[in-house]
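Here is a short briefing to read alongside your view of the protein. Please keep the model open as you go.

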Amino acid sequence: METLECIKTRRSRRKFLDKEVPQEIIEKIIEAGKCAPSGDNKQPWKFYIIREKNIKKAIVTLDDVYNKQIIPGCDFILIVGVDTNLSPISYIEDGVIAAQNVLLACHDLGLGAVYLSGFNLKDPQDAKGIQKAVNIPDSIMPISMLLIGYPDPHEQIGSKSLKNNKDLIEYR
Ligand SMILES: Cc1cc2nc3c(=O)[nH]c(=O)nc-3n(C[C@H](O)[C@H](O)[C@H](O)COP(=O)(O)O)c2cc1C
């Protein structure tokens, strides 16, 4: 798919088919994630692929995860973690930018995905719930939690209107 078309046609998908994503496709989307820019080129990522039902259940029980009822339906959760020892300043940006690459790669490869935050939005320093559920060390910040799978073609996706350029752009 052409890059701009991929960017423009990507939408969050929250309903998935009961169909496993093959390993080679998972590796392709991780490849896309690790091509992302990163502060000082530290490439500080750890990608956690979570299929274990027990771990998904543990995540669903956490208070600080929004829209958690959709978690069991995905084929796997991809947590984009960032090593805060390698990237103590730009760890949030490093994580989010890799996550966006993954979302676009998913769309290009015919997968559906939705972005959830990996940390407690009320206290971005706190990710203890996810760290414990997934057995992630304290030094790795789980920035993004992407739910991924083959999209259910029957999912009703609301239309999305984009803001006008004139309200978004200021020339100086
Ligand atoms: C920082 C961030 C947090 C998000 N958290 C959630 C979430 O908790 N649950 C959810 O269903 N979608 C979540 N989303 C997805 C947004 O709802 C979605 O991107 C937005 O509605 C625009 O729709 P689109 O992705 O189809 O373009 C999140 C997206 C971002 C960037």
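This is a predicted model: local features need pLDDT of at least 70, side-chain atom pairs count only at pLDDT 80 or more; totals for chains, interfaces and linings use all residues.

Residues are numbered from 1 along each chain as its sequence is written.

**Overall fold**
- The protein chain holds six helices and four strands, taken as DSSP runs numbered from the N terminus (helices: H or I, at least four residues; strands: E, at least two).
- Along the sequence, the pattern reads α-α-β-α-β-α-β-α-β-α.
- The C-alpha trace spans about 45 × 40 × 30 Å along its principal axes.

**Helix 2 and helix 4**
- The axes of helix 2 (residues 23–34) and helix 4 (residues 91–108) come within 7 Å and cross at roughly 140°; axes are lines fitted to C-alpha atoms over the stretch in contact, with angles from 0 to 180 degrees between N-to-C directions.
- Helix 2 contributes K28, I29, A32, G33 and K34 to the contact, while helix 4 contributes A98, N101, V102, L104, A105 and C106 (C-beta atoms, placed from the backbone, within 7 Å).

**Ligand site**
- Around the ligand you will find R11, S12, R14, Y66, N67, V114, Y115, L116, S117 and K160 (C-beta atom, placed from the backbone, within 6 Å).
- This shell has four nonpolar, three polar and three charged residues; Ala, Val, Leu, Ile, Met, Phe, Trp, Tyr, Cys and Pro count as nonpolar, Asp, Glu, Lys and Arg as charged, and the others, Gly among them, as polar.

Key:
Two residues are in contact if their C-beta atoms, placed from the backbone, lie within 7 Å.
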